[in-house]
Amino acid sequence: MRTFDYHNVQLLPEKCIIKSRSETDVSVKFGPKTFRLPVIPANMETVIDENLAVWMAEHDYFYIMHRFYPEKRLQFVQNMHDKGLFASISVGIKDTEYKFIDQLKLHHAIPEYITIDVAHGHSDYVIKMIKYIKNKIPTTFLIVGNLGTPDAVREIENAGADATKIGIGPGKACITKYKTGFGTGGWQLSALKWCSKAATKPMIADGGIRNNGDLAKSIRFGATMMMIGSVFAGHVESPGKIVEKNGKKYKQYWGSASSKQKGTHHNVEGRQLLVPFKGSINDTLLEMKEDLQSSISYAGGKDLRALRKVNYVLLDSIDE
Ligand SMILES: NC(=O)C1=CN([C@@H]2O[C@H](COP(=O)(O)OP(=O)(O)OC[C@H]3O[C@@H](n4cnc5c(N)ncnc54)[C@H](OP(=O)(O)O)[C@@H]3O)[C@@H](O)[C@H]2O)C=CC1
Ligand SMILES: Nc1nc2c(ncn2[C@@H]2O[C@H](COP(=O)(O)O)[C@@H](O)[C@H]2O)c(=O)[nH]1
């Protein structure tokens, strides 16, 4: 299979049919709601917290809260609902998580969205959790990841997932490919294309997005939404303090499977790094919107669907 990634694909323009980019619509329907942009801050401790989740929901952006303070999740769902906002949380697959699903049901705190978030989502134990959630709280829109093959997408969709999340190892804080030899790191975009052959439900492209143009490329190869970690980390609203180094400002960004997150040196597949401090996330979202509007214009359409059909070229070598 010829593989490629974000850096060696270029989309080809079609005739423009709009007078202004402001005419284009970058909104996306995902599950029960429609959102202003097809992007999601990664469900990582250095990317999203309760305050940012509230801000995102209030401004009609999608978010997925991380699962690293499991005891706070029930209260989080209740707080969001008390504010009239949607709740979107993550769960794992350990035995205690079944009790947590029972708790949600018992308290009538049914999140609009749940994401099963494990490194290797193509697993009997993930399928068991999908069936449990779908049986107990069937109205929740269930996202399942992470996957990297069409077989996985087919089996996880058939088990009951409403959407899948694609990407094993392409993330900036990821060391999975070095530690295990497995994954989609280095060919994430073509893995997405490959998975799209099996997908009948929405896919989230997760990991490896570095530039706003990568959003259009992800949609071209089958994604409905894009999950973004390092690019969304480092903002005023991002969790964590500003760190100064050699006169420059940064914030910390660490992998969810890093020793920092896990508190142990066992089964580490992530690292910790500093990302430049970037100002307000609102400005980044606005720039993403404008760039995506330009992408739609180049695609010769008026909304995100236009990006699905454009031609593309694969570059042999790139000058960067
Ligand atoms: N997108 C990606 O490429 C990756 C993402 N991550 C992120 O790191 C976080 C922690 O993930 P994860 O380690 O799955 O979480 P957990 O340890 O909470 O859950 C994984 C469960 O599956 C078992 N397991 C079996 N095989 C594997 C495997 N190959 N990798 C991991 N677990 C396995 C684990 O048991 P045991 O520990 O005893 O083996 C554990 O019970 C998540 O947020 C995840 O999204 C992590 C790595 C890659
Ligand atoms: N292999 C690992 N992947 C991880 C880890 N922590 C998070 N992630 C994945 O990365 C993306 C974000 O990628 P980015 O390129 O946008 O920064 C995130 O959504 C996870 O899927 C980890 O420790 N190891």
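## The largest pocket

A pocket is an open set of grid points, found over the protein atoms alone, with protein on both sides within 12 Å along at least five of seven lines, and its lining residues are those with an atom within 4 Å of a point. In this predicted model, the largest pocket defined in that way is lined by 44 residues, and those that lie nearest its centre are Arg67, Asp117, Ala119, Ser256 and Ala257. The space in the largest pocket comes to about 1,200 Å³.

Three elements, α3 (95–106), β10 (225–228) and α9 (259–262), each contribute at least two residues to the lining of the largest pocket. Sorted by class, this lining consists of 17 polar, 16 nonpolar and 11 charged residues.

## Ligand 1

Around ligand 1 there are 15 residues, of which the closest are Arg67, Asp117, Ala119, Asn146 and Gly169; Arg67, Asp117 and Ala119 are also among the residues that lie nearest the centre of the largest pocket.

For Ala119, a backbone N or O atom lies 2.8 Å from an oxygen atom of ligand 1. A nitrogen atom of ligand 1 is 3.2 Å from an N or O atom in the side chain of Asn146, and a nitrogen atom of this ligand is likewise 3.2 Å from a polar backbone atom of Gly167. Ligand 1 taken alone exposes 850 Å², and the protein buries 63% of that.

## Ligand 2

Ligand 2 has 22 residues around it, and those that come nearest are Cys174, Thr176, Asp206, Tyr253 and Glu269.

A polar backbone atom of Lys172 is 3.0 Å from an oxygen atom of ligand 2. When ligand 2 is taken alone it exposes 520 Å², of which the protein buries 90%.

## The second largest pocket

The second largest pocket holds about 520 Å³ of space and is lined by 25 residues, with Asp5, Tyr6, His7, Gly208 and Arg210 lying nearest its centre. The elements that give two or more residues to the lining of this pocket are α6 (176–180) and α8 (213–220), and α8 provides the largest share, three residues.

By class, the lining of the second largest pocket divides into 11 polar, eight charged and six nonpolar residues.

## The enclosed cavity

One cavity of 30 Å³ or more is counted in the model, and the space in the largest cavity is about 60 Å³.

The residues that line the largest cavity are Glu50, Met65, His66, Phe68, Tyr69, Lys72, Arg73 and Phe76. Four of these lining residues are classed as nonpolar, three as charged and one as polar.

## The annotated domain

An unreviewed UniProt entry places the feature "domain: IMP dehydrogenase/GMP reductase" at residues 5–309. Within the model, the end C-alpha atoms of residues 5–309 lie 18 Å apart, and the span is 32% helix and 18% strand.

Definitions and conventions: Residues numbered from 1 in each chain as written. Chains lettered and ligands numbered in written order. Predicted model: local features only at pLDDT ≥ 70, side-chain atom pairs only at ≥ 80, totals over all residues. Heavy atoms only, no water. 1 Å grid on protein atoms, 1.4 Å probe; cavity = no way out; pocket = protein on both sides within 12 Å on 5 of 7 lines; lining within 4 Å. Points joined across faces, edges and corners; volume = space filled by probe spheres on them. Helix = DSSP H or I, 4+ residues; strand = E, 2+ residues; numbered from the N terminus. Nonpolar A, V, L, I, M, F, W, Y, C, P; charged D, E, K, R; others polar. UniProt positions renumbered as here; feature names shortened; annotations may be inferred. Near = heavy atom within 4 Å. Polar contact = N/O pair within 3.5 Å; in protein donor to acceptor, adjacent residues only side chain to side chain. Areas by Shrake-Rupley, 256 points an atom, 1.4 Å probe, with all protein chains shown as cover.
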